[in-house]
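Subject: Structure handover

Hello,

Here is the structure I promised to pass on. Please open it before you read further.

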Amino acid sequence: MNVSEVLEHTLSPDAATRDNAEQQLSTAARDHFQDYLHMLSTEMAKEETPQHIRAAAGLALKNALSVRDRTRLAELQDKWLNEVDPAVKAQVKENALQTLRSDNVRAGTSAAQFISALASIELPRNEWPDLMTALVRNVGEGSDALKQSSLTTIGYIAESEEPELRESLSQHSNAILTAVVQGARKEEPNDDVRYAAMVALGDSLEFVRTNFENDGERNYIMQVICEATQSQEARIQATAFGCLNRIMSLYYDKMKFYMEKALFGLTIVGMKHPEDEVAKLAIEFWCTVCEEEISLEEENQQLSQEDGSELRPYFNFAGIATREVVPVLLELLTHQDEDATDDEYNTARAAYQCLWLYAQCVGGMVISDVLQFVEGNIRSEEWRKREAAVSAFGAIMDGPDLKVLDPLVKQALPVLVGMMDDKVLMVKDSAAYTLGKICEACGPAIDAQLHLPNLIQALFSGLKDSTRMASSCCWALMNLADRFGLGAQEGDENALSKYFKDSVSALLQATERPDADNQLRTACYEVLSSFVANVGDDELPSVAQLETVILERLEKTLQLRTQVVSADDRNTLEEMTTSLAAAMGSIIARLDKEIKPQADQIMQVLLQILTALPPNSSVPDAIFGTVGSLANALEEDFTKYMEAFVPFLYNALGNQEEQQLCAMAIGLTSDIARSIGEQCAPYCDNFMNHLLNNLQSNALGQQFKPAILQCFGDIAHSIGGHFETYLEVVMGVLQQASSISVNSETNYEMVEYVISLREGIMDAYGGIIIAMRTGNKTNLLGPYVQHIFGFLSVVNADLNKTEGLMRAAMGVLGDLSEAFPSGEIASYFRAEWITSMIREVRSNREYSSRTVETARWARELVKRQQQSNA
């Protein structure tokens, strides 16, 4: 194989030529792995080879050892470790290091990517011990090109997500730091080298924690970074501010001295930089400050409630700097780019994000500056100032106390509603978005009589305007529905009722606008669902009429599926079907048992859609949600649809590749079991086999386990004594799952997972205990009672618990007591910790009445057990 020619063809604009070349490389990699790596590395190292061919060789080498799929990655790494001769390995690595010396930057960058892929295999196994030493030496002694490529290599290695590599890098922290700081110094004359060093430094900051603990080393690192913010090269400045962001996030407790001496002034100046990238990263520094201090306040508040816990240092950087930072942010809000796309992040949007975080961090301290800015610009002739004033007001809705904001919102609402008719689209869009923020965060300030009529009229007028503005209007309308919906008022009629019919009509029309995109259609259907969920009971006949319209539209998607000719057509139809199914689910949930006359027709359409869908469609998720709503509404009457529907459910439960669908199927299995009760029994063998397979699967993440365990409980509860068939296996699974614990070293995500897992275990025990009791098979629980009480004891002793977990624990205690009413297990109930646990739940003022009532019920049952003579 002429490797140069094949690599050339991989870059061909002709798809057939390109595909053929890529196939040749894939075949060579599969059948002659060792020779393939040697051949490519040799081609990459040749100075006479054209730069684009060398770059292609480097990319092919990287792809030979680095893929996203974890199973495939392990196979490739094993091939390198066990199938490549040591002499060939050494030559491949030498070729890669030699390529770093090339004056050809593209070749050096490709070699850097390949070396990073190799490092993720070899460094954790100590099989390339001199790599970091070589890279450091290159930075100290090499040519400018070698310095740049070597620093780029260090950056790629440091940014790797491979956990084994990240763990091993800490032992190389001194070498990493020596190289990157040397390259990043202001004395470095080559800006390309200095930039590469700053990038590598930013990627390495997590691994130099030991160095950061040393005052001298930390001071020098901070000096180098601060000097880089003053570089004449904008990209170096931007990267320096990026480093400061990362440092503030990682080492907040070490920053007081540097904030006082340098960072405060440097970042204020940086925010005003004419280059967008520099200004954005300087702004983001203050975003990071706010995020850290918001998090610290929450953490310290929690720690203060725990005896003997030492609080983390909190320096109030944001509060101290409010009067200097906020005015700069307000000025930057006027730097809008009217041509920016919705997902484009520019200086004005960074400033808005920062102001929003600032308001959450310091609360009312932002109000005086913001109000002064709003009053001075809200009626300006310059649209940028008007838009900035509106945005600024919306940005502070989340932080200050509602009592402070209430009069300001009441005063601003008529002005903002009037600005929905501004002649500039960006101003109108921001007005709609700010109204949405007010509805979300300050809903009580909106008066149903005084403000709602004009507000809802303005938002529906905006819905007919530009599609960009319409999305903001939809978001505001959803927040309005939550504010004035069922939760806000009792009785048949509420504030939404009088607007419901017109609102439904306007939303349905908006979904059929000729210029409507997928985003707008989805938003309109979400608003429709929100209005359905929140409108007063007096409008239920209108909701029933809406069901007919939505069902017709769902049926129409079947016809449209035959007209799909492009990927865009397919995506549009998928999103439309998903939105319609979700809206139907909301209607069913609201009508509840009144949906029964339409159920046959609804289920027929849903089954037809499932049958017609292509592989890997996202629609089944939504259809399953609608089916769940129907099952909940019909209860046992849903049984007649099971034979037709259950094959789709089995397929989804077994589809571990589409994890979201699998998760939906697990939840739906629970819904169906609860709804149809004992009628579920004929399907339970298949349900249990799929659930147990999913529980043992390495393909599914651990986040699936709590839902599966809860599903066991729901199935048990539904089929009663018939669950005996699965009892031994499931109890073994629950015992194994309950052994997972947390300690002081456990990270937050793991703590959250363990709590969720325990809730699933508790729900499973509750369902199984009830099943055995109602099936007159309580004696089968005997071998497991001791372990259940042991699990309850572990939960009680752990400080990490939630209301949901404790309510479920109370339920299990009560269920056990009812299952053994004659005192057979009374001795377990006499343990002091049980009385203490019940008392703690009963007296917790933060728990809901439902939880407290469950604890009282459990207490009465436990008392009987404690007083039993058995």
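Below is what was found, from the whole chain down to single residues.

**Whole chain**

This is a predicted model. The chain has 870 residues, and 53% of them count as buried. Its secondary structure is quick to state: 42 helices and 0 strands.

How does the radius of gyration fit a compact globule? For 870 residues, such a globule would have a value near 29 Å. The chain has 32 Å, which agrees. The C-alpha trace spans about 85 × 70 × 70 Å along its principal axes.

Next, contacts. Take those between residues at least 6 apart in sequence: 73% of them join residues at least 24 apart. The accessible surface is about 39000 Å². Carbon and sulfur atoms account for 46% of that surface.

**Aromatic residues**

There are 17 aromatic pairs in the structure. One of them joins Phe315 and Phe317. That pair is tilted, with 35° between the planes and 5.4 Å centre to centre. Phe317 is buried, at a relative accessible area of 7%.

Tyr433 and Trp475 make another pair, this one stacked. Tyr433 is partly exposed, with a relative accessible area of 37%. Trp475 is also partly exposed, at 25%.

One aromatic cluster is made up of four residues: Phe264, Phe285, Trp286 and Tyr358.

**Charges over rings**

Two cases are worth a look on screen. Lys93 lies over the face of Trp128, 5.0 Å from the ring centre. Arg483 lies over the face of Phe484, with 4.2 Å to the ring centre.

**Cysteines**

How many disulfides does a search of the whole structure find? The count is 0. A disulfide is a covalent bond between the sulfur atoms of two cysteines.

Look at Cys474 and Cys524 here. Cys474 is in no disulfide, and its nearest cysteine sulfur is that of Cys524, 3.8 Å away. Cys524 is in no disulfide either, and its nearest cysteine sulfur is that of Cys474. Cys474 is buried at 1% relative accessibility, and Cys524 is buried at 0%.

Ser629 lies in helix α31, which runs over residues 619-634. Is Ser629 buried or exposed? Ser629 is buried, with a relative accessible area of 16%; the cut-off for buried is under 20%.

Which residues does Ser629 touch, leaving aside neighbours within four places in sequence? Ser629 is in contact with Gly585 and Ile588. Val532 gives one further distance. Ser629 and Val532 are 97 residues apart along the chain, and their C-alpha atoms are separated by 14 Å.

**Where to start**

Finish at Ser629 in helix α31.

Best wishes

Definitions and conventions: Residues are numbered from 1 along each chain as its sequence is written. This is a predicted model: local features need pLDDT of at least 70, side-chain atom pairs count only at pLDDT 80 or more; totals for chains, interfaces and linings use all residues. Side-chain values use heavy atoms; hydrogens and water are left out. Rings of Phe, Tyr and Trp (its six-membered ring) pair if their centres lie within 6.5 Å; planes under 30 degrees apart count as stacked, over 60 as edge-to-face and the rest as tilted. Buried means under 20% relative accessible area, exposed over 50%, partly exposed in between (1.4 Å probe, protein chains only). A charge sits over a ring if NZ of Lys or CZ of Arg is within 6 Å of the ring centre and within 35 degrees of the ring normal. A disulfide is a pair of cysteine sulfur atoms within 2.5 Å. Helices (H or I, at least four residues) and strands (E, at least two) are DSSP runs, numbered from the N terminus. The radius of gyration is taken over C-alpha atoms; the globule rule is 2.2 Å times the number of residues to the power 0.38. Contact means heavy atoms within 4.5 Å. Accessible areas come from the Shrake-Rupley method with a 1.4 Å probe; for residues, only the protein chains shown count as cover.
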